[in-house]
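Thank you all for making time this morning. I would like to walk through one structure with you, and I will begin with a detail before stepping back to the whole.

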Amino acid sequence: MRRIELRSDTFTLPTNEMRQAMFEAEVGDDVWGEDPTVKRLEELAARKVGKEAALFVPSGTMGNLLSVMTHCRRGDEVVMESECHLYYYEAGGMSAVAGAIPRLVSSENGVMCPDDVKRAIRESNIHYAPPTLLEVENTHNRGGGTVTDIATLSALEGIARERGMRIHMDGARVFHAAHYLGVPVTEITAHVDSIMFCLSKGLSAPVGSILAGTEEFISRARRNRKILGGGMRQAGVLAAAGIVALEQMVDRLVDDHATARRLAEGLSQIPGISVNMRTVQTNIVGFDISGLGMTSSQFAAAVAEQGVHFSTMPPHGIRAVTNRHVSMEDMDFAVETIKELAASVR
Ligand code: TLP
């Protein structure tokens, strides 16, 4: 049976070029600073996002946690969007490990309005946790892959600077945002002090993310990574795949935007399914299935039987994340499968 994997772009497999590069990678002990391939990846990554330095980390979750640990002291407040990944899906690490507390800002589909952010940042007062960090997720996962544009970023940056705060971007999928906006990624990252992006999602590397910022920030983050047990030894075998990801896989992400649009357009024609087309900007399609009288899990289980795999956003939300393993024909097949399911339950 045909298998169409839309649960996440984290399911992407390494390319043959990556496997070859991993096989051939020159390695050393990276905790001692002696892995030439890790160094090469970190230099390339820093250049790519226009920052002084970068750190190779095992996951996006660790990259975000390190940003909080490194920018904040215990008891500091992080101003962030209410459905952001760092708050919603990172197991409370920012509080459990870094000792920071979140101050949540509601938004429409993940893109914060600068005025709301301004209101959320409280004046210095003995009763309040000091707000030291503003976090922005671009693209926004739960918002449906939505993009914060340059004007908004610039306004957010202005607010943070005025209040003496740092800004961190969870840019797990920042190259998707750059494609959508039609700008070099450095135009986005110029507005933040630090950025985390993932090599292991649409870029198809098997493991790893990057945290980038100033030399000084990254050297403190490197020490914090050691505290978390994230010092990796011959990590060049993984970094080698990351280099291929950055050199060969960035441009093709536009194909994933095209498949996402095809899927969303097909779904929007099906009675009982609602897709907010305004949020379909990159490689994520969020849709609501309340009209079918099923729960997310019932829906996902039913279509999985036909080989089409989605993730759930209970109670009635479904998420598809397009990636290099799915084609336009796969999207048409997914739409047909759902059309049949919808007709059978209505
Ligand atoms: N997101 C995963 C799941 O955790 C939900 C996915 O399938 O989309 N920031 C953002 C915006 C993310 O989407 C993710 C992963 C992360 C951070 C964390 O990256 P990893 O999984 O490498 O820790």
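Predicted model: local features only at pLDDT ≥ 70, side-chain atom pairs only at ≥ 80, totals over all residues.

Let me start in helix H14, which covers residues 328-345, where Lys339 and Glu336 are 3 residues apart and therefore separated by about one helical turn. The side chains of these two residues meet in a salt bridge, at 3.4 Å from N to O. Lys339 counts as partly exposed, at 38% relative accessibility, and Glu336 is likewise partly exposed, at 39%. Elsewhere, salt bridges that share partners join Glu157, Arg161, Arg166 and Asp193 into one network.

In another pair, Arg73 forms a salt bridge with Asp76, and the closest N and O atoms are 3.9 Å apart. Here Arg73 is exposed, at 58% relative accessible area, while Asp76 is buried, at 2%. In total, the structure holds 21 salt bridges, and as a general point, side chains of opposite charge can pair when their charged atoms come close.

Next comes Glu77, which lies in strand S3, residues 77-81, and which counts as buried at 2% relative accessibility. What does the side chain of Glu77 join in a polar contact? The partner is the side chain of Arg122, at 2.9 Å. Leaving aside residues up to four places away in sequence, Glu77 also touches several others, including Ile101, Arg103, Ala129 and Leu133.

Let me turn to helix H8, residues 174-181, in which Val174, Phe175, His176, Ala177 and Ala178 are buried. The cover over these buried residues includes helix H2, strand S6, helix H9, strand S7, helix H11 and helix H12. Just after H8, Gly182 takes a positive phi of about 70°.

On the surface, by contrast, Tyr87, Tyr88, Tyr89 and Leu104 form a nonpolar patch, with about 370 Å² of accessible area together. Of these, Tyr89 is placed in the loop between helix H4 and helix H5, and Tyr89 is partly exposed, with a relative accessible area of 37%.

Finally, the view of the whole chain, which has 14 helices and 13 strands. Its C-alpha atoms fill a box of roughly 60 × 55 × 35 Å along the principal axes, and its radius of gyration is 20 Å, which agrees with the value near 20 Å for a compact globule of 346 residues. Buried residues make up 56% of the 346, and among contacts with a separation of 6 or more, 73% are between residues 24 or more positions apart. The accessible surface comes to about 14600 Å², with 50% of that belonging to carbon and sulfur atoms.

Notes. Residues numbered from 1 in each chain as written. Heavy atoms only, no water. Patch = residues over 30% accessible without salt bridge, like charges linked within 9 Å, V, L, I, M, F, W, Y side chains within 5 Å. Areas by Shrake-Rupley, 256 points an atom, 1.4 Å probe, with all protein chains shown as cover. Salt bridge = Lys/Arg side-chain N within 4 Å of Asp/Glu carboxyl O. Helix = DSSP H or I, 4+ residues; strand = E, 2+ residues; numbered from the N terminus. Buried < 20%, exposed > 50% of the residue type's maximum accessible area, 1.4 Å probe, protein only. Contact = heavy atoms within 4.5 Å. Polar contact = N/O pair within 3.5 Å; in protein donor to acceptor, adjacent residues only side chain to side chain. Rg over C-alpha atoms; globule rule 2.2 N^0.38 Å.
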